[in-house]
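Biologist: Please show me the model. I would like to go through it by question and answer.

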Amino acid sequence: MRAYVKILNFPQTVVGWLIEINAYKRNNLFMKIVIIGGVAAGAKTAAKTKRTLPDSEVHIFTKDNYVSYSACGMPYYIAGDFKDWQQLIIRSVEEFEKSGIHIHTRKLVTKILPADKKIMVKNLDTEDWQFVEYDKLVIATGAEPYMPEFSNVKSKRIYTLRTLDDGIAVKEGMKDAKHITIIGGGYIAIELVEAFVKNKKSVTLLERSPFVLSMLDEDISTLVQDYILANSDGLVRIINNDTVSEIVGEDPTLDVITQKGYGFETDMVVVASGVKPVVDIAVDAGIALGKTGAIKVNSRMETNLPDIYACGDCAEKINMVSGTPVWVPLGSTANKEGRVTAINVSGGVEDFEGILGSSVLRYRDLNISRTGLTEKEALKLGYDEISVIITKRDKAGYMPEVKNITLKLVADKRSHKILGAQAIGCGDADKRVNTVSIGLLQGITVEELIDADLTYAPPFSTSIDILISAAQILKSKLY
């Protein structure tokens, strides 16, 4: 009440006071903002909203035990790069509460009632139910692991890696395991291979596709797979074009049977075969999904229902090169969207234009990065694509720390615009991809990339950087 008195100068009559209160709320100075989900996008939305509207009432509801943690850091915790999992927590519940943001852990939101502006919440500890009102609602439910269909999926020796509790459990389960099976070949799977090899565990990776990292072009991902097999101390085998059909047994080992009939023993299984957006309660409330199956939002993160927003891994994005809807769950994007959502929830105006799908990971000394469109994506979208692959040193050849980079540039023949880049190498591959990502925002052409005035000194690049060399080769193919 003190906040009202201070700002409203306390009207003379009760009626006047109520009128002022309603006007105050209409002007977005005081609102009850409810956020479903509290990892990257949800936590960012809450923190930014509270800074923008300090008198607002902000609540986060999550079924998890923790909020605001770095899910991307879990493979490195499992690897042993740092010992204390609490270092992954960016902001504790106590810190949120101290800033005036109310955190409700172990609270599962089961239903959204848009007409009543309420949510239905289940307390997972007491089984009690309650209705919670909101003025603005933000859905930041994230994504959940995709579980292939196979028997014995609920075995205690079968793990996923999505929440902080998952990460703690995988690290604990790894201690007594000699052989670990990973189902899937995406980013998390490769990071887990590195973590397990670092801990001297034998690993079998089952990948449905002909090659790992299917978000890259086959020629690049094949080089990555070859590097993994050559730099795993004999601990890794990769089975392509196959996946699990059955897992039987419990202790001390499990028997894995693949769809092609191959069988082997393992001590634990980690399912890393991808994730899918958590959208069930949104669909039930009448919130529209986009073509990708994630929640459809406009550039201000608004759904089709008034006063309901969505952001993070549950929301669809726009690829800024092609202008087409995509779903790419990344922590960096979730944080950006959380910020934009908070500004718009608070009555401001901010647009989130889209993404390039820029990403980076590593396997031991190999850096792997991409941005924009791959060659196969460009072909699928109807571009008259052209590409070049080049391998070159990342620094002057006489520098002791010189390494090789393999770079692939993709362009459009008709417009000469660069469409995307992929780079791998033990050198600074991601630096080149980041440079291309800035150019993609401006619609850079092959010719313009050739003219880019990149920095040069022997410890940092060759006199003609690999990006310039690749663009020059592309130009020769265009004319």
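Biologist: Which residues of H12 are buried?

Modeller: First, this is a predicted model, in which local features need pLDDT of at least 70, side-chain atom pairs count only at pLDDT 80 or more, and totals for chains, interfaces and linings use all residues. Residues are numbered from 1 along each chain as its sequence is written, and side-chain values use heavy atoms, with hydrogens and water left out. Buried means under 20% relative accessible area, exposed over 50%, partly exposed in between (1.4 Å probe, protein chains only). In H12 the buried residues are Ala 429, Arg 432, Val 433, Val 436, Ser 437, Gly 439 and Leu 440.

Biologist: Within what arc do the buried residues of H12 fall?

Modeller: The arc is that of the directions from the helix axis to the C-beta atoms. An α-helix has 3.6 residues a turn, so residues three or four places apart point the same way. The buried residues of H12 line one face of the helix, because seen down the axis they fall within an arc of 160°.

Biologist: What covers the buried residues of H12?

Modeller: Helices (H or I, at least four residues) and strands (E, at least two) are DSSP runs, numbered from the N terminus. Contact means heavy atoms within 4.5 Å. The cover includes strand E22 (366-372), strand E24 (404-412), strand E25 (418-425) and helix H14 (466-478).

Biologist: Take Ser 437. Which residues does Ser 437 touch, not counting those up to four places away in sequence?

Modeller: Ser 437 sits in helix H12. Ser 437 counts as buried because its relative accessibility is 10%. Beyond those sequence neighbours, Ser 437 touches Leu 356, Ser 358 and Thr 371.

Biologist: Is Ile 438 buried or exposed?

Modeller: Ile 438 also has its place in helix H12 (residues 429-441). Its relative accessibility is 54%, so Ile 438 counts as exposed.

Biologist: Which residues make the nonpolar surface patch of about 270 Å²?

Modeller: Patches are made of residues with over 30% relative accessible area and no salt bridge; like charges are joined within 9 Å, nonpolar side chains (Val, Leu, Ile, Met, Phe, Trp, Tyr) within 5 Å. Accessible areas come from the Shrake-Rupley method with a 1.4 Å probe, and for residues only the protein chains shown count as cover. The patch is made by Met 320, Ile 438 and Leu 441.

Biologist: Now the backbone. What is the phi of Glu 127?

Modeller: Most residues other than glycine have a negative phi. Glu 127 is in the loop between E5 and strand E6 (129-133), and is partly exposed at 46% relative accessibility. Not being a glycine, Glu 127 still has a positive phi, of about 70°.

Biologist: And what is the phi of Lys 117?

Modeller: Lys 117 lies in the loop between strand E4 (107-113) and strand E5 (118-123). Lys 117 is partly exposed, at 26% relative accessibility. The phi of this non-glycine residue is positive, near 55°.

Biologist: How many salt bridges does a search of the whole structure find?

Modeller: A salt bridge is a side-chain nitrogen of Lys or Arg within 4 Å of a carboxyl oxygen of Asp or Glu. A search of the whole structure finds 21.

Biologist: How many residues apart in sequence are the parts tied together by Asp 313 and Arg 162?

Modeller: Asp 313 forms a salt bridge with Arg 162, and the closest N and O atoms are 2.6 Å apart. Asp 313 lies in the loop between strand E18 (308-310) and strand E19 (317-318), and Arg 162 in the loop between strand E9 (158-160) and helix H6 (164-174), so the tied parts are 151 residues apart.

Biologist: What is the angle between the planes of Tyr 77 and Phe 82?

Modeller: Rings of Phe, Tyr and Trp (its six-membered ring) pair if their centres lie within 6.5 Å; planes under 30 degrees apart count as stacked, over 60 as edge-to-face and the rest as tilted. The whole structure holds 4 aromatic pairs. Tyr 77 and Phe 82 form a tilted one, 6.0 Å centre to centre, with a plane angle of 40°.
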